[in-house]
Amino acid sequence: MVVTILQAEVDPARAADLVGAYREGVGELEPGIVETYLLHDARDDAQWRIHTVWASLEALDVMRATGQTPRGVQFFAAAGAQATLTVLGVVEHASA
């Protein structure tokens, strides 16, 4: 598994644009996505993240190879923000 993190500073006045874009656009997930979260920093109104869990690095690479702008990037753009991307490999995992 891999986790992608898109992070951006969003003007608090545009936060509803980000939330709305995420709600409308997240409907049918790309193949390989296990789950995704829109996260808001509890202490900083301007900081937002989208964490997405992918089944494999290969699944992420297939999506990226399409040449299309990833949906998460589009969600942030709808709120006037440019996101940075981090890709992390999952070493260990636990859940309830």
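The model is predicted, so local features need pLDDT of at least 70 and side-chain atom pairs count only at pLDDT 80 or more, while totals for chains, interfaces and linings use all residues. Residues are numbered from 1 along each chain as its sequence is written, and side-chain values use heavy atoms, with hydrogens and water left out.

**Exercise 1.** Find how many salt bridges the whole structure holds, and describe them.

Solution. Step 1: apply the criterion, a side-chain nitrogen of Lys or Arg within 4 Å of a carboxyl oxygen of Asp or Glu. Step 2: the search of the whole structure gives two salt bridges. Step 3: arginine 14 pairs with aspartate 17, with closest N and O atoms 2.5 Å apart. Step 4: arginine 71 pairs with glutamate 30 at 3.0 Å between the closest N and O atoms. This pair links distant parts of the chain, 41 residues apart: arginine 71 lies in helix α3 and glutamate 30 in the loop between α1 and β2. Helices (H or I, at least four residues) and strands (E, at least two) are DSSP runs, numbered from the N terminus.

**Exercise 2.** Decide whether alanine 81 is buried or exposed.

Solution. Step 1: buried means under 20% relative accessible area, exposed over 50%, and partly exposed in between (1.4 Å probe, protein chains only). Step 2: alanine 81 has 11%, so this residue is buried.

**Exercise 3.** State how β2 and β3 are joined.

Solution. Step 1: strands pair if DSSP finds at least two bridges between them. Step 2: β2 (residues 33-40) and β3 (residues 47-54) run antiparallel, with seven bridges. Step 3: isoleucine 33 has tryptophan 54 as its bridge partner in β3.
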